[in-house]
Amino acid sequence: MEQNLLEISKHKVSDAALETLKEVMYQQDNFGIRKYGVALDHTHNYDWDAMADEEIADFLKYRQCARERKEYVINLLKAGLRSDEPKSFIEVALNLLTVEGTGK
């Protein structure tokens, strides 16, 4: 059965999100293997519920930092619009928006 254009395009964002998530998960797998020497497995001696709680707490803190950064960048750009020399405001905003890596 052939999909029409609407059916294909309605999943475009979801497909891209899943591909990104897959790449990040594989990167995390590789990081864990390099760090611990083995792939993640349910038989490892961890309290998985406690670890999940810790990861959720970290996630919420990361989201808060992302929100604060977005607000800060918006304020920088608004200040740049009011400035006679907007370049410095734009440079700081760009530096914040193009940060790469996670510190691993």
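Predicted model: local features only at pLDDT ≥ 70, side-chain atom pairs only at ≥ 80, totals over all residues.

Reader: Which side chain does Glu91 meet in a salt bridge?
Author: The partner of Glu91 is Lys87, with an N to O distance of 3.9 Å. Both residues belong to helix α4, where they sit four residues apart, about one turn of the helix.

Reader: And Lys87, buried or exposed?
Author: Lys87 is exposed, at a relative accessible area of 59%.

Reader: How many salt bridges does the count come to?
Author: The count is two salt bridges. Asp58 and Lys61 also form one, and their closest N and O atoms are 3.3 Å apart. These two residues are three apart in helix α3, so about one helical turn separates them. Asp58 is partly exposed, with a relative accessible area of 24%.

Reader: Changing topic: at what angle do α3 and α4 pack?
Author: Helix α3 (residues 48-82) and helix α4 (residues 87-97) pack at about 160°, and their axes are 8 Å apart. The angle is over 145 degrees, so α3 is roughly antiparallel to α4. The crossing of α3 past α4 is left-handed.

Reader: Which residues make the contact?
Author: From α3 they include Tyr72, Val73 and Leu76, and from α4 they include Phe89, Ile90 and Leu97. By class, the contact has eleven nonpolar residues, one polar and one charged.

Definitions and conventions
Residues numbered from 1 in each chain as written. Heavy atoms only, no water. Axes fitted to C-alpha atoms, helices over the stretch in contact; angles between N-to-C directions. Parallel < 35°, antiparallel > 145°, perpendicular 65-115°, else oblique. Left-handed = near helix turned anticlockwise from the far one by under 90°. Contact = heavy atoms within 4.5 Å. Nonpolar A, V, L, I, M, F, W, Y, C, P; charged D, E, K, R; others polar. Salt bridge = Lys/Arg side-chain N within 4 Å of Asp/Glu carboxyl O. Buried < 20%, exposed > 50% of the residue type's maximum accessible area, 1.4 Å probe, protein only.
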